[in-house]
Number of protein chains: 4
Amino acid sequence: MVRRIRRKERGRLAAWDDSTLNPYTAPVARVRPGEVVEVETWDAYGGVVSPEQSFQEAAERGLVGALNPVTGPIYVEGAEPGDILVVELMGIDLPAWGAASIIPGFGALEGWLNLMQPRTKVCTIEGSVVRYEADHGKIIEIPTDPFVGTIGVSPAYEAVQTLAPGSHGGNMDCPDIRPGNRLMLPVYQRGALFGLGDVHAVQGDGEVCGTAVEVGAVVRLRFSLGHGKIGWPRVESPDEIMTVCSARPLEDAARLAYRELVQWMVSDYGWARDDAYMFLSQAAKARIAQIVDPLYTVVAKLSKRYLA
Amino acid sequence: MVRRIRRKERGRLAAWDDSTLNPYTAPVARVRPGEVVEVETWDAYGGVVSPEQSFQEAAERGLVGALNPVTGPIYVEGAEPGDILVVELMGIDLPAWGAASIIPGFGALEGWLNLMQPRTKVCTIEGSVVRYEADHGKIIEIPTDPFVGTIGVSPAYEAVQTLAPGSHGGNMDCPDIRPGNRLMLPVYQRGALFGLGDVHAVQGDGEVCGTAVEVGAVVRLRFSLGHGKIGWPRVESPDEIMTVCSARPLEDAARLAYRELVQWMVSDYGWARDDAYMFLSQAAKARIAQIVDPLYTVVAKLSKRYLA
Amino acid sequence: MVRRIRRKERGRLAAWDDSTLNPYTAPVARVRPGEVVEVETWDAYGGVVSPEQSFQEAAERGLVGALNPVTGPIYVEGAEPGDILVVELMGIDLPAWGAASIIPGFGALEGWLNLMQPRTKVCTIEGSVVRYEADHGKIIEIPTDPFVGTIGVSPAYEAVQTLAPGSHGGNMDCPDIRPGNRLMLPVYQRGALFGLGDVHAVQGDGEVCGTAVEVGAVVRLRFSLGHGKIGWPRVESPDEIMTVCSARPLEDAARLAYRELVQWMVSDYGWARDDAYMFLSQAAKARIAQIVDPLYTVVAKLSKRYLA
Amino acid sequence: MVRRIRRKERGRLAAWDDSTLNPYTAPVARVRPGEVVEVETWDAYGGVVSPEQSFQEAAERGLVGALNPVTGPIYVEGAEPGDILVVELMGIDLPAWGAASIIPGFGALEGWLNLMQPRTKVCTIEGSVVRYEADHGKIIEIPTDPFVGTIGVSPAYEAVQTLAPGSHGGNMDCPDIRPGNRLMLPVYQRGALFGLGDVHAVQGDGEVCGTAVEVGAVVRLRFSLGHGKIGWPRVESPDEIMTVCSARPLEDAARLAYRELVQWMVSDYGWARDDAYMFLSQAAKARIAQIVDPLYTVVAKLSKRYLA
């Protein structure tokens with residue numbers, strides 16, 4: 001039987017403890033490398049949205065509390081600063097609905113699409129399909145592609161809001177952090193002090209309106225520890241190696257991601273630095289994860305077939 | 001038999017005529033909508049690189065002339081300002097080799113990878129494979145994915161260098177401008193005054209070192225004319241609609257591309273504006289085409305299955 | 001008696017000839033180094049705004065033609081590619097009024113100040129004062145500080161719109177290009193092919209709404225030629241050396257301007273490169289010239305007292 | 001006699017307590033509005049640099065600890081979230097020397113000036129003059145212009161590193177935060193939880209090499225409380241009102257600063273919004289404070305003579 005780490009009751013969520021990744025909050029659980037755990041998470045709205053209540057209504061009723069809360073800190077036994085925390089994503093259980101919202105003052109086109117009205121759209125989730133009811137009347141089926149939007153460790157000494165991504169992970173909104181893939185994070189604190197939340201049933205590249213199909217969910221995962229220094233989160237799928245970097249402007253996020261990929265090719269796969277750079281110019285893939293959070297996120301990828 | 005538009009002899013290439021898209025150079029050919037033509041193009045080096053001569057050597061010998069030359073202007077009969085020029089890409093014939101280069105002072109990581117040495121790597125092209133000989137000794141096969149790197153029309157009154165992309169097309173370095181797809185460009189001049197060149201046998205997202213596997217090639221295409229106003233280049237594949245926008249910083253290119261996609265959904269597919277925006281947040285794809293030219297280019301895409 | 005170079009009649013302005021800096025338009029005058037000339041210029045609106053007609057009204061009446069026209073090209077005898085064109089600004093005669101405008105879709109806060117209405121405000125100019133009548137009823141006197149907003153030479157082979165700044169000068173909107181100062185420009189064409197226009201009676205840093213107190217004017221100036229290579233426009237006042245660079249994002253304009261200043265200190269004043277860099281960190285001044293044109297402009301300055 | 005708030009002993013500085021502004025560290029002092037206090041501060045190096053030891057040497061000896069430490073938190077009696085904390089800067093006592101450094105990987109031109117060597121330059125400070133000994137042999141006298149580089153309050157729930165600026169103040173490196181001026185900060189926490197440090201004897205606009213003439217110092221100041229909502233730090237000198245905003249890219253910092261200035265003119269001085277915007281386009285001044293910290297800082301200013 002798989003051990004389950006429960007999320008806090010909604011009313012007990014607090015910005016300091018639950019809306020930051022930080023080295024000071026007491027761990028909610030201690031986990032051994034190799035152990036499989038199930039973690040319950042809240043959605044990015046902090047649980048205030050439902051088919052009966054839009055985010056706007058919750059805001060008007062004064063119900064909005066801790067935003068983008070994570071479940072954690074989870075203390076990983078044996079993790080020491082300078083290690084690599086490897087998180088094997090094994091599965092995500094989705095609920096029966098999720099909700100996307102337009103929140104004025106937020107989103108990539110906020111300045112260009114004047115007079116946007118706040119709104120929340122609840123989508124039902126059935127099997128591997130999200131049903132999106134368009135204003136023009138048709139119901140559009142989008143295949144689910146669930147992933148963990150916010151996932152990371154405690155920084156060295158800051159308390160970083162969970163809305164922000166960074167070298168510690170956080171709100172990367174990167175669809176490649178999905179079941180079947182492994183996420184690698186630098187460890188800054190003893191025990192790593194890991195947290196996760198903000199699962200998306202599906203999300204487009206860029207997450208342009210600022211929200212995906214946001215869900216509370218259950219995430220199955222297993223930790224292991226690696227040695228060696230990494231500067232930014234890395235992802236490995238069966239087919240690709242990937243680096244996930246966040247900065248502004250967006251080209252700096254891309255430059256960081258490509259630089260990390262060059263360094264990975266050099267350190268682990270025997271490439272000469274400039275040759276790796278020139279090869280990526282022919283064979284890399286890149287995804288804009290999001291352009292709506294405090295820093296923007298790019299994923300750079302290389303197929304493993306080129307690394308044999 | 002297909003009509004062929006020949007490229008100029010290398011020695012007769014001139015920056016003004018061949019390295020700008022402009023309304024003043026006399027057309028090299030006049031083509032009717034519906035007619036299939038084959039256009040010969042030079043590589044981005046202006047033809048000075050070969051298996052026997054690197055770009056660096058050509059530069060030292062004073063041979064580098066018109067960079068990124070296009071074949072054109074091609075006058076499209078009947079095209080008037082305000083029309084849409086539709087370019088159906090039908091095929092690309094690749095040569096037996098192409099060349100990638102590191103050119104100091106150029107490329108996305110130029111500032112970060114200090115002391116980069118200039119170099120040119122010639123890759124053989126055989127069937128549908130590019131052979132890249134890595135410095136570590138192995139030969140890596142990359143599937144060819146040929147496309148036209150620079151393709152566009154004359155701006156309204158400027159003469160824009162062919163190294164730059166813009167609303168008129170130009171050096172977008174967008175791998176989706178490939179055989180099987182249709183490119184739509186706004187027409188600013190009578191006859192459109194179309195030009196193309198800079199074919200790539202394959203390119204990674206971002207074109208990070210500044211060059212792809214650069215080739216001289218033969219491009220088969222067919223023009224048609226559409227009515228209605230578009231602000232930026234658009235691409236249609238059998239499966240997707242795409243907008244291709246260029247700006248700095250990179251997030252502005254992405255915002256433009258998403259905005260154009262919203263407008264396309266509204267004008268042609270019956271979506272409400274804010275609903276289109278919210279839907280793209282769930283279902284759009286985005287590709288970083290390049291982050292090395294005077295403006296950076298992003299392609300935003302939506303599957304046609306959502307537009308039925 | 002000073003020789004006068006007349007501006008074209010308004011009705012004869014054409015985008016190609018007058019709204020680009022380019023190597024193809026026939027010179028309107030030939031001037032010898034050392035000769036003082038007076039050049040008449042149009043305002044940035046191309047002469048369509050008056051106390052009786054706003055820009056919006058002119059647009060509705062279809063009167064808006066060539067925007068930001070320059071008077072030129074002026075052929076400077078003896079100027080050769082690789083030279084430095086030195087422009088000594090000797091005086092500006094202002095008219096009795098100038099006009100600022102809000103033009104929707106333009107300006108630094110366009111996306112943030114939704115629902116902006118187009119408007120034109122005519123200000124009277126009397127002696128050394130601009131009278132700005134605020135909506136709250138008071139008339140505010142701003143000291144005039146006239147300068148040339150758009151001033152430059154022809155690029156090597158492009159035809160660059162006069163709304164854009166660049167290494168060739170152009171629409172820098174830099175208040176330091178004022179009487180008493182000397183502007184240095186790189187020469188790309190035989191004869192330099194110089195043009196100027198877009199005089200401002202006064203302008204704030206950033207030119208945030210997109211327009212200054214725009215005037216048609218008469219500019220007195222004298223050319224001389226220098227040798228040596230400069231990459232970007234430079235300005236010298238009696239007290240300071242300055243570099244004027246344009247890019248996006250704005251930090252790149254600043255980095256370019258500081259880099260040019262470092263190079264100037266090294267080449268002309270005996271500084272070691274890293275020492276110049278460290279010294280600028282203590283003693284440089286910087287002005288945001290504008291953040292509204294196709295590229296943004298920063299002026300970096302160093303007092304001559306540190307260069308004795 | 002003026003009350004003095006001592007800085008911690010160097011050996012007791014800790015990153016968490018001293019290199020963040022945060023709501024959790026216990027106050028080091030409680031101060032009443034109206035009371036004049038003197039605060040001792042460490043330099044940005046955390047006290048490890050001296051005429052005998054460069055930053056590089058300190059780093060090699062493992063002595064570098066808490067960077068950019070602030071003295072605080074200072075609890076201001078009566079301050080409540082939503083108030084404005086007004087800090088009247090009354091004087092700064094400088095020591096006999098300060099030090100600027102080049103630190104590889106840091107600074108605005110880091111990517112462009114390859115092969116920069118780390119170095120520290122100690123400058124003597126005598127009366128109102130900093131003596132900078134240039135590598136070319138001359139000693140250059142720069143007038144002192146001391147100000148507080150890092151000054152701010154605790155954010156709502158994050159612990160923000162003191163190297164970063166933001167809406168809470170922090171590492172703005174803004175030379176206008178000088179004796180004779182008043183700084184206004186939004187209050188997020190009961191008691192405001194104020195901290196300051198990182199005094200500069202003098203600094204150029206942009207702080208381009210990443211450091212100014214860094215000093216430990218004594219700052220005399222007096223708090224008062226205001227009501228009303230401000231979104232970002234504001235400064236008032238006898239002659240000007242100023243807004244100080246931080247973002248990336250740099251144009252976003254400028255846009256924020258101008259927007260805040262518009263809002264200030266509207267709320268306090270009776271201007272119509274669009275009129276304020278158009279007026280700033282004629283009369284605003286802007287300073288690039290720094291382009292080297294995690295966010296970049298711009299100060300936008302308007303002379304009070306226009307606000308009578």
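This report describes a predicted model, moving from its confidence to its domains, chain contacts and selected residues.

## Basis and confidence

Residues are numbered from 1 along each chain as its sequence is written, while chains are lettered from A and ligands numbered from 1 in the order in which they are written. Because the model is predicted, local features need pLDDT of at least 70 and side-chain atom pairs count only at pLDDT 80 or more, whereas totals for chains, interfaces and linings use all residues.

The predictor gives the complex an ipTM of 0.96 and a pTM of 0.96. Chain A has an average pLDDT of 96, with 99% of the residues scoring at least 70, where pLDDT is the predictor's confidence in each residue, from 0 to 100. Where pLDDT is low, the predicted coordinates should not be read in detail.

## Domains of chain A

Chain A is assigned domain 1 (3-160 + 180-229) and domain 2 (236-306), with bounds that come from an automatic or database domain assignment. The C-alpha centres of domain 1 of chain A and domain 2 of chain A are 23 Å apart. Their contact draws eleven residues from domain 1 of chain A and eight residues from domain 2 of chain A, two residues being in contact if their C-beta atoms, placed from the backbone, lie within 7 Å.

On the side of domain 1 of chain A that touches domain 2 of chain A, three residues are nonpolar, five polar and three charged. In this division Ala, Val, Leu, Ile, Met, Phe, Trp, Tyr, Cys and Pro count as nonpolar, Asp, Glu, Lys and Arg as charged, and the others, Gly among them, as polar.

## Chains A and B

Chain B is superposed on chain A by a rotation of 180 degrees with 0.0 Å of shift along its axis (RMSD 0.0 Å), the superposition being by least squares on the C-alpha atoms of residues with pLDDT of at least 70 in both copies. The same surface serves both copies, as 100% of the contact residues of chain B recur in chain A.

The contact between them takes 53 residues from chain B and 53 residues from chain A. On the side of chain B that touches chain A, at least two residues each come from strand S7 (97-102), strand S10 (139-143), helix H3 (250-269), helix H4 (273-283) and strand S21 (285-290) of chain B; helices (H or I, at least four residues) and strands (E, at least two) are DSSP runs, numbered from the N terminus. H4(B) supplies the largest share of that side, ten residues, and the residues of the side divide into 33 nonpolar, nine polar and eleven charged.

## Chains C and D

A rotation of 180 degrees with 0.0 Å of shift along its axis also places chain D on chain C, with an RMSD of 0.0 Å. These two copies are thus related as by a two-fold rotation axis, and 100% of the contact residues of chain D recur in chain C.

Here the contact takes 53 residues from chain D and 53 residues from chain C. H4(D) gives the most to the side of chain D that touches chain C, with ten residues, and this side holds 33 nonpolar, nine polar and eleven charged residues.

Helix H3 (residues 250-269) of chain A has 20 residues and reaches 28 Å from its first C-alpha to its last, close to the 28 Å expected at 1.5 Å a residue; the expected span is 1.5 Å times one less than the number of residues. Of the 20 residues of H3(A), 15 are buried, so the helix is largely enclosed by the rest of the structure. A residue is buried if 20 or more other C-beta atoms lie within 10 Å of its own, exposed if 12 or fewer, and partly exposed in between, with C-beta atoms placed from the backbone.

Pro249(A) is in the loop between strand S20 (240-247) and H3 of chain A, and a cis peptide bond with omega of about -5 degrees joins Arg248(A) to Pro249(A). Just after H3(A), Gly270(A) takes a positive phi of about 75 degrees.

## Individual buried residues

Most residues other than glycine have a negative phi, and most peptide bonds are trans. Ala192(A), in the loop between strand S15 (182-186) and strand S16 (194-200) of chain A, has a positive phi near 70 degrees and is buried, with 31 other C-beta atoms within 10 Å. Glu207(D) has a positive phi of about 45 degrees and is likewise buried, with 28 other C-beta atoms within 10 Å.

Pro186(B), in strand S15 (residues 182-186) of chain B, is buried, with 24 other C-beta atoms within 10 Å. Pro186(B) and Ile84(B) are 102 residues apart in sequence, yet 4.9 Å apart in space, C-alpha to C-alpha.
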